[in-house]
Amino acid sequence: MAKAATYVLPTDRAHVMGILNVTPDSFSDGGRHNEEQAALAHARAMIAEKADILDVGAESTRPGSEPVVLEDEWKRLAPVLEPVCDLGIAVSIDTYKAEIARRACAAGAVIVNDVWGLQRDPLMADTVAEAGVHVVMMHNREKADAAIDIMSDIDRFFETSLRLAQSAGIPREKQILDPGFGFGKTIDQNFLILNRFEDLKKHGQPILAGASRKRMIGAVLNVETDDRLHGSMAVHMTALLKGAAIVRAHDVGPHADCVRMLQATRLERTAS
């Protein structure tokens, strides 16, 4: 609770959230970091590459993935989470289950990254409020529908998430929104969202962009997941120029360099 109470998301520049999947089946790096020592080594490497936040997840949310029961999810997280939190960097827990969020926050996580925007588990909003942590509320859909106005759908979803957060007593300064690239969207809808990314700022909250290695990149460049660094950086730099406050990435070092160069450009001097 002490970490959560003292953590404030800085607003002086954009931040890089490094992805730490302790899963056997994530779409890009499943099975690479699901052992405790491998996870800690990867966490330390991302910190050395200037990650601002580490996002730890133990359930794959890739299309077609099988749901993981709560205790199995926690079994993957338990050996890793507290040691990662002890590394001295802000830690986010990537889960849509309130009980996992509660346990993770007790272990030191200061952000809950909910891919269902507080709308899947009815206890999540209250859990976040009680823990005193920040929350990322991501737009999601059960399946893609090319016929809908995706920006209007995102707006309605965000309005519901923001109401839930307000009703639970989560302070506005601890609320973050994410349009959810790749989640219940067609490839073309992802690019529409990217092109209109600045429109999301009308909700008045920091926006996270998370397109790292996703299908929208492979669809354009015709490359496999491990070869999507340049495409990921292009998408994320576009989002940063359009107002993203956080980019969530597998490859921390190159993204941290991009953020620093953008900051120097905006300041018109060497950024500190």
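Mentor: Two strands count as paired if DSSP finds at least two bridges between them. Keep in mind that this model is predicted.

Trainee: What makes β5 and β6 a pair?

Mentor: Four bridges join β5 to β6. The cut-off is at least two, so they are called paired. The two strands run parallel. Met137 stands opposite Leu177 in β6.

Trainee: How does the chain cross from β5 to β6?

Mentor: The chain goes through α6, and this β-α-β crossover is right-handed.

Trainee: What makes a crossover right-handed?

Mentor: Point the strands away from you. The path from the first strand over the helix to the second must run clockwise. β4, helix α5 (residues 124-131) and β5 also make a right-handed β-α-β unit.

Trainee: How do you know that β4 and β5 pair?

Mentor: Strand β4 (residues 111-114) and β5 share four bridges, in the parallel sense. At least two are needed, so the pair qualifies. Asn113 stands opposite Val136 in β5.

Trainee: Why is β5 called mostly covered?

Mentor: Five of its five residues are buried. Buried means under 20% relative accessible area. His134, Val136 and Met138 point one way from β5, while Val135 and Met137 point the other way.

Trainee: Which strands are the edge strands of the sheet?

Mentor: Start with the order, β6-β5-β4-β3-β2-β1-β8-β7, in an open sheet of eight strands with parallel pairing. The edge strands are β6 (175-178) and β7 (208-209), as each pairs on one side only.

Trainee: What joins β1 to β8?

Mentor: Four bridges join strand β1 (residues 15-21) to strand β8 (residues 246-249), and the two run parallel. Met17 stands opposite Arg248 in β8. Elsewhere on the sheet, helix α6 (residues 150-168) packs against it, touching β5 (134-138) and β6. The direction of α6 makes about 160° with that of β6.

Trainee: How do you know that Cys85 is in no disulfide?

Mentor: A search of the whole structure finds zero disulfides. For Cys85, the nearest cysteine sulfur is that of Cys105, 8.9 Å away.

Trainee: Why does Cys85 count as buried?

Mentor: Cys85 has 4% relative accessibility. The cut-off is under 20%. Therefore Cys85 counts as buried.

Trainee: What about Cys258, buried or exposed?

Mentor: Cys258 has 16% relative accessibility, so it counts as buried too.

Key: Residues are numbered from 1 along each chain as its sequence is written. This is a predicted model: local features need pLDDT of at least 70, side-chain atom pairs count only at pLDDT 80 or more; totals for chains, interfaces and linings use all residues. Side-chain values use heavy atoms; hydrogens and water are left out. Contact means heavy atoms within 4.5 Å. Axes are lines fitted to C-alpha atoms, for helices over the stretch in contact, and angles run from 0 to 180 degrees between N-to-C directions. A disulfide is a pair of cysteine sulfur atoms within 2.5 Å. Buried means under 20% relative accessible area, exposed over 50%, partly exposed in between (1.4 Å probe, protein chains only).
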